[in-house]
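Let's take a walk through this model together, with the sequence and the coordinates side by side.

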Amino acid sequence: MRGLALPRSPKVILGLGILGFFIVMTVIGPWLAPYDPSSTAFPALLTPSSHHLLGTTSLGQDIFSQLLVGARATMVVALVAGLVATVLSMVVGVTAGYLGGVSDDGLTLLSNVFLAIPGVPLLIVIDSYLPVNSRSNEFVIGLIISLTGWAWGARVLRAQTLSLRNRDFVEAARIIGESRRRIMFSEIAPNLLPVLASSLLFTVLYSIGAYVTLAYIGLTSTATWNWGTMLYWAQANNAPLSNEWYWFIPPGICIALVGTGLALVNFGIDEFINPRLRAAGLTARQRRQLHLPRRARLGLTPVVSLAPAPNRRSTHAVVK
Amino acid sequence: MRTIARRLGLYLLTAWVAVTANFILPRLMPGNPVQTLIGKITSQVTPAEIRAIRLSFGMGFKEGIVAQYFTYLGQLFHGNLGVSITLGAPVSSILRESVPWTIGLIGVSTIVSFFVGTVAGAMLGWTRGSRFDSLIPTATFFQAIPYFFLGTVMLLIFGSDLHWFPVLGAYSQGATPGWNWSFIASVIRYGELPVISIILSSVAGWMLGMRNMMITMIGEDFVLMAVAKGLPRRKVIMHAARNAVLPSIANLSLAIGLVVSGALLVELVFNYPGVGDLLLQAVLNEDYPLIQGIFLVITFTVLAANLLADVVYLVLDPRTRSEAAV
Amino acid sequence: MSATIPREVQSTAAEGGRASTGPVRDGAIRESVLEINHFSVDYGAGENMVRAVSDVTLRLERSRVLGIAGESGSGKSTLVYAMTRLLRSPGLISGGEVILHVTDEGGAVTPVNLVTATESELRRVRWSHVSIVLQSALSALNPVLRIGREFDEVLKTHRPNLTKAQRRARAEELLRMVGLSGDRLERFPHELSGGQRQRVMIAVALALDPELVVMDEPTTALDVVTQREIIGELSTLRAQFGFAMIFITHDLSLLVELADEIAVMYAGSIVERAGARELYESPRHPYTLGLLNSFPPLHGERRELTGIPGTPPDLADPPTGCSFAPRCAFAMERCVLEKPTLVEVDDTGRSVACWLFDDASGSRVPVELSRVAPRAEAPKGGS
């Protein structure tokens, strides 16, 4: 069994830092918010100042408070959807890969159908039929998003299970006579961890995009604050064209930053899964010390002279 | 050919699932779907509108659910998608107006984005470790920006602020639609900013995917052999890239859906008269026949694009070809 | 050409005059095609550095076959990849030189030091003068290109004067040489059998009539029958075209069929180097003996298969003395303390790195390692 030891590259550390920041914001954001985000007690369209860090909306609401409060709904939906979709994809993908045969064919067909249907348009159709009180419920929205976002993970997990199934340790467990369920969950599942983690990151990324999109076109309750509804109101009041950048830029940047964080961490997982993506052997500092070129070039094995050779008599090495 | 037949089968099945979902969804809601819908429409409902809603769901008055289903399929088969509640016109004729705009906009930007991203990704993979690596975090950031947000920012900076590009709409008011040069030129001019913004949003995904595949391929023996053969660098890169592009194309089916979803919203930002803009109007007005019609059209188009990607893959990978021959 | 070294300097720089001219079995000193001097290769640098090839000196004469044998991890593949500058990162050449004597079309011979050569110099030498066949032809052939392209691109790059029809004719001729029909050119790699693919690779390797062909375990992935056939074909082709060959394998009994001389590698160093027959009939190094007892001979008398107990040493933390000592049945106290160097032990040009053969050790050579070498027979193949 191998755990998931992420390589400590700057990319991964930056990614984890960004995600950590937004997770803290999700937890304590609503408490930190200086005002009620829906309160219209302030003058409209104030530009950013020390009282209103990001100014106010055309209704006189404090944008900074909306941003802090909105973090929670956005992140909760993304997490719920990401987790549910990952569980779904694990159940479908691992079962299909492990059982094989007719169940595999059926489940693979199912995930292929869901992959081929464009998710967001389907989401819009489903969501447009929802009663308004369900639209404001983050968990309902999260569940529906997960329904359209599990198929990709299922496909990747199935492929990984298939390759794990025939490895020695699984074979051994089978010969010992362990039950299928036990093999699946205690032998195969831990080895799926990196793939699972990567598919979780992707579905969370997809879910944020999907949720924000729904909110932006007005298909979530406009009374719930999330980054998508902020953009919806900004757009509805022509903020972009009226140069009220402080209204629509911050939520967009937050969405992009969360996505960047997820993608950066995923780089680390990719490198863990595929060793060829890892920076090979020499650190940049060692390369400099050895006077080697910055990048390794195929078919031009570098030559160094600093390493002591056991027999230096005719070792005439060349430094380029 | 067998591979293509199998994929075609999958897409037909998917189309059927989409069509059926369209039929079932309204019925999953509590109560009579027609009544529910009428209840949702806040304005006065005319008998013609009620009829339009009924037609779009394939609902006669006394039929059972199976008969309703077949009526619905029959209507669909004849291209009858019902009548739009708000616009009063048949959904199919409304779509005939807007679909070409969408296919043009998204098609051009997707193709350009795929090529640019693939070439850039191949170079990035080949020169891994060089200065160009610093492009990766920037690309990752761009990949994470929602399409519609980037579109909005672009519109603001390059359209309303700098006036480099015309904003809003697909062609200038002065041009008469038709196959005349001034109209085509105006369409291109108005298309530039939306196309650029879709490319900017989607190119990083292709690029990063291609980079990773390229790095994986460079680790293969046949690329080392190309070097050992003393081939010029350009040819060595081609050996790796020719194989690295295959997974990108295989992933098109996943990506097309996402790109289309994102790009639809860009239409909305730019007031582009395509399906995306129409969808927003339909959603705002709770025009269900129109929403459903748009969903089906988008699904069918995406499936057709998938099939096209499958054919391209088949042409590029001889292994699947001979598998089909066996 | 950069950093070329006069041949006189070469031979004096190498240890012992004998070693540099190789076994003089037919009484003539042949021209060398490849000289490797004090060549070392590392993986990584600093604390994590691993010395994979350590101070290797070898010489290969024109039209002859040098076998390099050893277990996996012995550094034999690293040696040949690094020697051709094809070794991937984090491989580094940390010392020594590799002189390839390149014969141009006019017949003039120029020595090229591959270690100091620039990229464009390497590109000129590659395939025209030294080509490579890898273990797995399936991974060495581009899966999406037809076989014909493999020949075509090589000929197009290095023989720009040939017309398309001439290139095609040459490719068909090459395929015929390895016993395949010309219509294979239209096929894709996955449509051929393992043996056919490896034959294609050999044909591609011979396309430009190189002086040296490096074979990295070319038959390991094949079944025994195909293995035999290909070894037979290689002998014929070599007799016909006179290229020199470095043949890497872990199977000594295979090498003895093909090679003129064999170098046995262990933990990055050469532990024994001798004429193929001598080495096979009368191994001197305990490791060579162990290797011989690990594989059944292709034909001839059967040996008892015993294998070698233990595993190769961790190269990241090599033992102080002889790296084989922990696994050696004949190890003495000295073996653990001091690292033996390769020295000549008899008049056949054989060298061994083992304290058992050092008079100062005061040890008696065990009976298994003191079989009488057969007197030199007529050399095989070549000129």
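## The β1–β2 hairpin of chain C

Strand β1 (residues 32-43) of chain C runs antiparallel to β2(C), and eight bridges join the two. One place to look is Ile36(C), whose bridge partner in β2(C) is Leu58(C). Six residues lie between the strands of this hairpin, and Gly44(C) has a positive phi near 75°.

How buried is strand β2 of chain C? Eleven of the twelve residues in β2 (residues 50-61) of chain C are buried, so the rest of the structure largely encloses this strand. Please keep in mind throughout that this is a predicted model.

On its other pairing, β10(C) is antiparallel to strand β12 (residues 351-352) of chain C, over two bridges, and here Glu272(C) stands opposite Val352(C). Strand β10 (residues 269-275) of chain C is mostly covered, with seven of its seven residues buried.

Ala267(C), in the loop between β9 and β10 of chain C, has a positive phi near 50° although Ala267(C) is not a glycine. Is Ala267(C) buried or exposed? There are 24 C-beta neighbours inside 10 Å, and 20 or more are needed, so Ala267(C) counts as buried.

## Other backbone features of chain C

Most residues other than glycine have a negative phi, and most peptide bonds are trans. Asp209(C) is another non-glycine residue with a positive phi, of about 55°. Asp209(C) sits in the loop between α8 (194-205) and β7 (212-216) of chain C. Asp209(C) has 11 other C-beta atoms within 10 Å, and is therefore exposed.

For the peptide bonds, look at the step from Ser89(C) to Pro90(C): this bond is cis, with omega near 10°. Pro90(C) belongs to the loop between α3 (76-83) and β4 (91-103) of chain C.

## Chains C and B as folds

Chain C contains 13 helices and twelve strands, and 51% of its 383 residues are buried. Among its contacts with a separation of 6 or more, 66% are between residues 24 or more positions apart.

Chain B, by contrast, has 14 helices and zero strands. Of its 326 residues, 46% count as buried. For contacts in chain B between residues at least 6 apart in sequence, 72% join residues at least 24 apart.

## Where chain B meets chain A

Chain B brings 52 residues into contact with 43 residues of chain A. Several helices of chain B each supply at least two residues to this side, among them α1 (2-28), α8 (181-218) and α13 (288-316). By class, the side of chain B that touches chain A is made of 33 nonpolar, 17 polar and two charged residues.

## The nonpolar core

The largest nonpolar core has 288 residues, and those with the most contacts inside it include Tyr211(A), Met214(B) and Ile246(C). Helix α2 (residues 63-99) of chain A gives the most to this core, with 20 residues. The core also draws at least three residues from each of domain 1 (2-273) and domain 2 (284-320) of chain A. The centres of these two domains, taken over C-alpha atoms, are 47 Å apart.

What does Ile246(C) touch, leaving aside its neighbours within four places in sequence? Its contacts are Leu60(C), Leu66(C), Ile68(C), Val80(C), Val214(C) and Met215(C).

## Confidence in chains A and B

Chain A has a mean pLDDT of 82, with 92% of its residues at 70 or more. Among its elements, α2(A) has the highest mean pLDDT (91) and helix α5 (residues 132-135) the lowest (75). Over residues 306-320 of chain A pLDDT stays under 50, and the model has 31 contacts beyond four places in sequence for this stretch.

Chain B averages 84, and 88% of its residues score at least 70. Its elements have mean pLDDT values from 61 in helix α14 (residues 318-325), the lowest, to 95 in α9(B), the highest.

Conventions
Residues are numbered from 1 along each chain as its sequence is written. Chains are lettered from A and ligands numbered from 1 in the order in which they are written. This is a predicted model: local features need pLDDT of at least 70, side-chain atom pairs count only at pLDDT 80 or more; totals for chains, interfaces and linings use all residues. Domain bounds come from an automatic or database domain assignment. A nonpolar core is a set of buried Ala, Val, Leu, Ile, Met, Phe, Trp, Tyr and Cys residues joined through C-beta atoms within 7 Å. Helices (H or I, at least four residues) and strands (E, at least two) are DSSP runs, numbered from the N terminus. Two residues are in contact if their C-beta atoms, placed from the backbone, lie within 7 Å. Two strands pair if DSSP finds at least two bridges between them. Ala, Val, Leu, Ile, Met, Phe, Trp, Tyr, Cys and Pro count as nonpolar, Asp, Glu, Lys and Arg as charged, and the others, Gly among them, as polar. pLDDT is the predictor's confidence in each residue, from 0 to 100.
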